[in-house]
There are 2 protein chains.
Amino acid sequence: MQKIISSPDRYLHVQCSDCPIRHRAVCARCDDDELQLLEEVKFYRSFEAGQTIVWSGDRMDFVASVVSGIATLSQTMEDGRRQMVGLLLPSDFVGRPGRETAAYDVTATTDMLMCCFRKKQFEDIMLSTPHVGQRLLEMTLDELDAAREWMLLLGRKSAREKLASLIAIIARRDAALKLMQPEGQVSFDLPLSREAMADYLGMTLETVSRQVSALRRDGVIEIKGKRHVTIPDFDRLIEEAGDDQDGGFLT
Amino acid sequence: MQKIISSPDRYLHVQCSDCPIRHRAVCARCDDDELQLLEEVKFYRSFEAGQTIVWSGDRMDFVASVVSGIATLSQTMEDGRRQMVGLLLPSDFVGRPGRETAAYDVTATTDMLMCCFRKKQFEDIMLSTPHVGQRLLEMTLDELDAAREWMLLLGRKSAREKLASLIAIIARRDAALKLMQPEGQVSFDLPLSREAMADYLGMTLETVSRQVSALRRDGVIEIKGKRHVTIPDFDRLIEEAGDDQDGGFLT
DNA sequence: GCATGCAATTGATCTAGGTCAAAGAATCCA
DNA sequence: TGGATTCTTTGACCTAGATCAATTGCATGC
């Protein structure tokens, strides 16, 4: 059985009986019977780091919630230029009810566990419980907001602002998983390689590396090893990111 | 009464009794009674060129379909940097059922007429007719695909490819409205100023102008006056745009 | 006809970020 | 313990596109 948990971000979360994490709720308004229905048809799949989960254009016959690990959504041009268009962190939902095929490559960047539902079964549940569909619409609108905020980043921000924005987003998501607000000093591991960050930010890995160094030199972030980041002052970081509103819809 | 018309693009269109254009169907699967319901609550609003329809963060208590004219969705940073995140052409739908406020500035770039529904009433119709909600989910997924394809453009394409992509998209939309496929020679008016294009493409108006000149010099496009474009060979244009798949979800 | 005003073009520079190349670090095996 | 591999940093240079600054070309009104 699942249990609904309120959280400080705009999502409700659902605790599955045997998933260690809280999923962003697809079914925050479901009653116990409906939750039971989802429980019964769910199954788990695991993927290895580096493995491509689906290729753009492939049939994708399941939808899923990330239990652990990180995956990326990306598009690639024939000549190899790549742009990440989304990041899947624990609790995120993937899949497109009503769509036959995947629109992007989905690639595991770490080992992953996903809590899956057969698409057909999930769609049936959507039909019989309209608020699941509504919730999905809301989630899709959130993703759309995130994508459009990212368009502002890609089109108009400087390399330094881009880096600061990415770090802020990861910090926020990390805090949200712990049901906290990011404030004052924050600490976490970067889930992405420099190359993956570059693909996300529309720049080269060298520029990413230089900007990481610059932000460290200027005391905006502290780095231990390659991936562990400490943010001494979250507000300072937000300022560097150039965001007008502190909230932000970015995933 | 509205009448459903099939079209060559992926959308079904609905012809309202007294709108001269076909709306992208919000209700392609509605029966006559349901269509009647929408007919009864619809109303019209017009806006002047340059007028801001809603500001980001404002209450927006209606949803609408564009009848005539063009509007843009954009985000602006405090220092004035602006990024367009969407383009509203005749037949497009605007609005966010289930959301209180607008997420972006919506600005009319020409005089406009919109066919509106009070949000509350529209939401009620969504509740009583689930497939309206489903259709809306599909449309939102389309918009998400478009936004993500645009992310690839903003992050990874050269100025020339960006320009070619934008022209191709406008040509496709223009053809779709006429229920045609863009093929061979195509001709239409650019609905945007050089500055608006620049805001859409994440570059400066000077660079837009230079690339327009370059594409003309190279025979990819022909220009009469400032705005009228003829594309002698649509496939050539697509090639210049660097798109791997010819389809494209872009709005 | 001639001023006024705006959108668009074009030219001359400048620079942020890309490209190419060479070292470090960290991790993994054997 | 010592390659081998992979990720990251740093440096030197270059270029696409930004910036700054004139024009040019149309409209509009007088």
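# Close-up views of a predicted model

View 1. Buried stands for under 20% relative accessible area, exposed for over 50%, and partly exposed for what lies in between (1.4 Å probe, protein chains only). The structure is a predicted model, in which local features need pLDDT of at least 70 and side-chain atom pairs count only at pLDDT 80 or more, while totals for chains, interfaces and linings use all residues. Residues are numbered from 1 along each chain as its sequence is written, chains are lettered from A and ligands numbered from 1 in the order in which they are written, and side-chain values use heavy atoms, with hydrogens and water left out. Ser91(B) sits in the loop between strand S8 (82–88) and strand S9 (93–94) of chain B. Helices (H or I, at least four residues) and strands (E, at least two) are DSSP runs, numbered from the N terminus. The phi of Ser91(B) is near 95°, a positive value in a residue other than glycine. Most residues other than glycine have a negative phi. In chain A, Ser91(A) has a positive phi of about 95°, although this residue is not a glycine. Ser91(A) is in the loop between strand S8 (82–88) and S9 of chain A, and its relative accessible area of 1% makes it buried.

**View 2. A salt bridge between Arg99(A) and Asp145(B).** The closest N and O atoms of Arg99(A) and Asp145(B) are 3.2 Å apart. This pair crosses between chains: Arg99(A) is in the loop between strand S9 (93–94) and strand S10 (105–108) of chain A, and Asp145(B) is in helix H3 (residues 130–156) of chain B. A salt bridge here is a side-chain nitrogen of Lys or Arg within 4 Å of a carboxyl oxygen of Asp or Glu. By this rule, there are 36 salt bridges over all chains. Arg99(A) is buried at 13% relative accessibility, and Asp145(B) is buried at 2%. Salt bridges link Arg99(A) and Asp145(B) in a network with Arg96(A) and Asp142(B).

**View 3. A salt bridge between Glu143(A) and Arg148(B).** The closest N and O atoms of Glu143(A) and Arg148(B) are 3.0 Å apart. The pair runs from one chain to the other, with Glu143(A) in helix H3 (residues 130–156) of chain A and Arg148(B) in helix H3 of chain B. Glu143(A) has 25% relative accessibility and counts as partly exposed, whereas Arg148(B), with a relative accessible area of 6%, is buried.

**View 4. A salt bridge between Arg156(B) and Asp199(A).** The side chains meet at 3.1 Å, N to O. Arg156(B) belongs to helix H3 of chain B and Asp199(A) to helix H5 (residues 194–201) of chain A, so the pair joins two chains. Arg156(B) is buried, with a relative accessible area of 17%. Asp199(A) also counts as buried, at 12% relative accessibility.

**View 5. Helix H3(A) along its length.** H3(A) has 27 residues, which at 1.5 Å a residue should span 39 Å. The expected span is 1.5 Å times one less than the number of residues.

**View 6. A patch of negative charge on the surface of chain A.** The patch gathers Glu183(A), Asp233(A), Asp235(A) and Glu239(A). Patches are made of residues with over 30% relative accessible area and no salt bridge, like charges being joined within 9 Å and nonpolar side chains (Val, Leu, Ile, Met, Phe, Trp, Tyr) within 5 Å. Accessible areas come from the Shrake-Rupley method with a 1.4 Å probe, and for residues only the protein chains shown count as cover. Lys and Arg count as positive and Asp and Glu as negative, while His and the chain ends are not counted. The place of a charge is taken as NZ of Lys, CZ of Arg, CG of Asp or CD of Glu. Asp235(A), in helix H7 (residues 234–241) of chain A, is exposed at 57% relative accessibility.

**View 7. Gly202(A) and Arg81(A).** Gly202(A) is in the loop between H5 and helix H6 (205–217) of chain A. Its relative accessible area is 14%, which makes Gly202(A) buried. Gly202(A) and Arg81(A) are 121 residues apart along the chain, and their C-alpha atoms are separated by 9.6 Å.
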